[in-house]
Amino acid sequence: MNSNKRFERTPQCESAATRREFLRAMAAAGAATLMAGEPRPLRADEYGATVKHPMAKADACILLWMAGGMAAPETFDPKRYQPFEIGLSVEKVMSTFPAIDTVVEGIKISQGLENIARVMDRATLIRTHVLPDLGHILHSRHQYHWHTGYVPPQTVAAPHIGAWLARVLGPINPVIPPFINIGQRLEGHGEAEEVKAFTTGGFFGSEYGPFNLPFPEDATMAVRPPKGMNAGRFESRYRAYQKLIKESPQVEYVSDYQQGSMLRAVDAAHRLLGSQEKSAFDLSLEKKDTFQQYDTGRFGRGCLLARRLVEAGARFVEVTTEYVPFLHWDTHENGHTTAERMKGEIDRPIAQLILDLEDRGLLDRTLVILASEFSRDMMIEGVPGSTARDQSRAKTDVLKEPIHYGLHRHFTGSSSVLMFGGGTKRGFLYGETASERPCLVTKNPVSLPDLHATILHLMGISPKTAFEVERRPFYVTEDGKGQPIADLIA
Amino acid sequence: MDIPSPIIRLAHCVLFGLLGTTSGAALRAQESKPAFDFAHSVVPILKAHCVECHGGHRHEGDFSINTREKIVDSSSAIPGNSAESYIIEMVTNADAEVRMPKDKPPLSEAEVNTLREWIDSGLPWEAGFSFAPRNYEPPLRPRRPELPLPADGRTNPVDRILDAYLAERGLPRPAPLDDAAFMRRIHLDLIGLLPTRESLQEFLADANSAKREQLIDELLADNRNYTEHWLSFWNDLLRNDYAGTGYIDGGRKQISAWLYRALMENMPFDQFARQLISPTPESEGFIRGIKWRGNVNASQKPELQFAQNVSQVFLGLNMKCASCHDSFIDRWTLEETYGLAAITANGPLEAYRCDKPTGKIVEAAWMFPELGRIDPQAPREERLGRLAELMTDRENGRFTRTIVNRLWHRLMGRGIVHPVDAMQTEPWNADLLDYLAVHLAENSYDLKQTLRLIVTSQAYQSRTVALDEPPAGPQYVYTGPIAKRMTAEQFVDALWQITETAPKQSHKDVAAFLTDAEKKDRTNYRASLVSSDLLMRSLGRPNREQVVTDRPSMLTTLQALDLSNSPLLAETLSRGAANIAERLADAGPTTIIDWLYESSLSRLPTAQERAVALEVLGSPPSPQGIEDLVWLVIMLPEFQIIR
């Protein structure tokens, strides 16, 4: 079994042609989508000009989601290090880890990220991603905002950015679902409903929604015949199905578009379940030492799965550290210890993912983004002057015990984003934040619409791309106003 | 308390204030305005000063600003060059005699500058936007159309109208539906379940010519199953669910118990609407909307959600656009939306245009004052009561047209006005819509009477027509009913029915409101009474965050994948196969096949189908064989599409 078999991607110019064809096909299907009140792509911008998509610099996109608010001062934007000391005023705490050098001169990151430090020469590091505080920090709401570009609630269901890529670009390999979501459970925790609200195709419908794989090690179950059914039985079941369809005397009363779409969908599903590519979902096919390199936990294994899926032709893959209230990056207390563990979980797999993609010649055309809904600070909830309620669970003026040590408040004034490959610069630092509290942006702020516009631009999508929903335009960046940041693009 | 996003803006100001430095990129971010905002900055100026004489039907001086093309073609503005654009010259001319707008105060300097910027940035325009008036305005009052004479003894008013419609166009009537297909369709449409094999056979054997009407009346009288089927329709429409965003911190309230009772009692629809608009504690969840903690966009404050939802649900109107600015797609204005919102507001409500305060406090009012007014000074409860009265006023034909159109859509596959939430659109048959609406009012707003009227028509009892493409566009011509895809709940209920695998317990919130008598003789619960699960979600049971009035009509690949290998479905099939094996323990394979076909498709298999099925089933039938055969049948388009 050749687990490294790569899906041959179409060359750039052809992929543009494919998109045009796709859009043309969509236009043909326009009437079909209207039936269900589904959205129709708008072909012209407000100048009456055809929306021009930029030439794509990346085909695939992997979003590494640091769910729960990753503290930039503990990771990619280290500030003055302050060791734990009983009786120390908490105001003194900026970072609870010392900074370390990276392979790029002038870029230092936090201790515990040594592996990522070694691949920093492939990265663009943004330290100045600024997000609104929305008046009250609710993680799932901020995550909704980051993933869709729109603050909830909305009058129509806003699609996830992965659904936008799936809808506008389509799959790379038709067998692999274009939007795959790894590591997030959608049931069984306090904000599950809120997480579900943005983990959808939105108004694009389920065709463009996420293919959810909460447990990477079990991903293969999602593309295997049901438990207890062997391949032979599965095949003959499908053959019998085709025969029955052929024999059905009832076909004439049902419109072709209804019946045809149904049979096409069943066929596509069957092709995935019977395809070679489904081995991409199977982590057990990896060499043991490679697997171990990634195996720091569910997130690490998710990175490995993402690599395999991108090799097989996935368009968009999100891997999350998983959002569960008060767990993982959501450090309302005991932040130092938690950050140490989280860094241990992400450091090796992310670095390995970059090296593996590079090794396979995929990094140049794969955009990898690490981001979070906001950062953290020892003192400030939101930004200075914010009305957001303090939600720290380790409230104290001086450090008394380790539980107090760490950044426990949600800080929206600046957060870090790391980008690799896919047309971004290498070994490049963008933006600057104040070295003393409040650690606001002192240079080159990056808003969410502009960050999204940059990602979309690299993927070959105009930030003005819009669909008509309920007879009004709905844009991929809020009101079509995101602008790609030229400085970030190689 | 809501503090909308000026806070956010303030935060940015603080940020920039702290900059001190003027690095290039920061300057760029600070100075460069994003894409020019035609909708929100230019339209108000044009509306205030130009449209009166140069928009809509009027084109003084042979100049119309209705569309971008008209402006460019007339050369009155040169995109990218305001200095040489005639419009600017006209609005800035020093001679008051010549200056536009004629005989009116001149534009402010800021307004002129905005127009300059607009022209200089290339004259951006909102796609599809026009100042031209819409040429169709739906009537407000009810209207009783004159019915054409019945043809060939087809006396149902629906048939009288449609037969004439078809005859006028020289179109054939759709072919009549056979008893078996009728049996399946009417069960799924009225109570959301498949007919059992026994009831099917009994019905087919019945020689009574009134048997269809009798069956219809029986099904409509089956209150429990009627309720548990239509519950999903209403939950979608009223965005009610057992779980969802907002419940986490009391930002949302269920109306499940109230809704269940209302359907069980077949509450008249006018009363139903009144209790939702002017609610009791049990029904107040609808107008309360969903409240997230923190700042929300001004257009999504609970009061605005009220305006949007009340107008969409009861009038099929879209006031979402008009929640930010005067709508571009229909006649609704920002002020009308805020007027509606102010009815439920606890204090003065300031209008926000595109999330910016306008300084204008809007008084409570509703959009059809010709039916009666709302006293803005009255206390909130009185205002809501008055709105409820006005909404359900006998003279409000829009109210009845909207709901009968929704029911027609569910039964016949396409609205008379379509999409069903674009009630400003011209119906393909106004007489039909108006008749159904008047009929509802005259039958004490009894929705079951509307259903009965439709399903007793020959039009409903016709074969579905195969169309080349979905019947979406304005050119639609009725030729017969259109097949519908089963909803997630219908699919799951049908599967549970065949396999006897329905859950033994309802959602806990349902258990809390069902009476002991209602629980006593129950062995299982239907899809609408349990939480959505992965399979139902995948098949299109929506997150009810927004009002949903139409489920997706096509199966998608991810859905098909779930149907092919979801553990949930596999487990159901495996339990179901065991149940079927037990139930038909002594039967041979042919009996099992025939039973399954009749139970699922309301027909016997053909000889060829039986042969394929036999191969799958094995002889003697194996549990795996039964499992696979059930899967094959429920995956047939014929099963999933209600024809």
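**Helix packing, chain folds and the interface**

Author: The buried residues of helix 13 of chain B pack against helix 12 (223-237), helix 14 and helix 23 (508-513) of chain B. The model is a predicted one.

Reader: Which are the buried residues of helix 13 (residues 256-264) of chain B?

Author: A residue counts as buried if 20 or more other C-beta atoms lie within 10 Å of its own. In helix 13, which spans residues 256-264 of chain B, the buried residues are B:Ser256, B:Trp258, B:Leu259, B:Tyr260, B:Ala262 and B:Leu263.

Reader: Which residue just after helix 13 of chain B takes a positive phi?

Author: The phi angle concerned is about 50°. The residue that takes this positive value, just after helix 13 of chain B, is B:Asn266.

Reader: Does B:Leu276 count as buried or exposed?

Author: B:Leu276 belongs to helix 14 (residues 269-277) of chain B. The cut-off for burial is 20 or more other C-beta atoms within 10 Å. Because B:Leu276 has 25 C-beta neighbours inside 10 Å, B:Leu276 counts as buried.

Reader: Leaving aside its neighbours within four places in sequence, with which residues is B:Leu276 in contact?

Author: The C-alpha atom of B:Leu276 is separated by 8.3 Å from that of B:Ala388, 112 residues apart along the chain. Contact is judged instead by C-beta atoms, which must lie within 7 Å. With neighbours within four places in sequence set aside, the contacts of B:Leu276 are B:Ser283, B:Phe286 and B:Ile287.

Reader: How many helices and strands has chain B?

Author: Of the 643 residues of chain B, 49% count as buried. The C-alpha atoms of chain B fill a box of roughly 100 × 65 × 50 Å along the principal axes. For contacts in chain B between residues at least 6 apart in sequence, 67% join residues at least 24 apart. In chain B there are 31 helices and four strands.

Reader: Why does the radius of gyration of chain A agree with that of a compact globule?

Author: Chain A comprises 12 helices and 17 strands, and 61% of its 490 residues count as buried. Its C-alpha atoms fill a box of roughly 85 × 55 × 40 Å, taken along the principal axes. A compact globule of 490 residues would have a radius of gyration near 23 Å, so chain A agrees with its value of 23 Å.

Reader: How many residues does the contact take from chain B and from chain A?

Author: On the side of chain B that touches chain A, helices that each supply at least two residues include helix 1 (6-19), helix 27 (567-583) and helix 30 (623-634). The residues on that side of chain B divide into 48 nonpolar, 27 polar and 15 charged. The contact takes 89 residues from chain A and, from chain B, 90 residues.

Reader: How are helix 7 of chain A and helix 30 of chain B oriented to each other?

Author: The axes of helix 7 (residues 231-247) of chain A and helix 30 of chain B come within 10 Å and cross at roughly 45°. The crossing is right-handed. Angles under 35 degrees count as roughly parallel and those from 65 to 115 as roughly perpendicular. Helix 7 of chain A and helix 30 of chain B are therefore oblique.

Reader: Which residues of helix 30 of chain B make the contact with helix 7 of chain A?

Author: By class, this contact has five nonpolar, one polar and three charged residues. Helix 7 of chain A contributes A:Arg233, A:Arg237, A:Ala240, A:Tyr241 and A:Leu244. From helix 30 of chain B come B:Gln624, B:Asp628, B:Trp631 and B:Leu632.

Methods:
Residues numbered from 1 in each chain as written. Chains lettered and ligands numbered in written order. Predicted model: local features only at pLDDT ≥ 70, side-chain atom pairs only at ≥ 80, totals over all residues. Buried ≥ 20, exposed ≤ 12 C-beta atoms within 10 Å, placed from the backbone. Contact = placed C-beta atoms within 7 Å. Nonpolar A, V, L, I, M, F, W, Y, C, P; charged D, E, K, R; others polar. Rg over C-alpha atoms; globule rule 2.2 N^0.38 Å. Axes fitted to C-alpha atoms, helices over the stretch in contact; angles between N-to-C directions. Parallel < 35°, antiparallel > 145°, perpendicular 65-115°, else oblique. Left-handed = near helix turned anticlockwise from the far one by under 90°.
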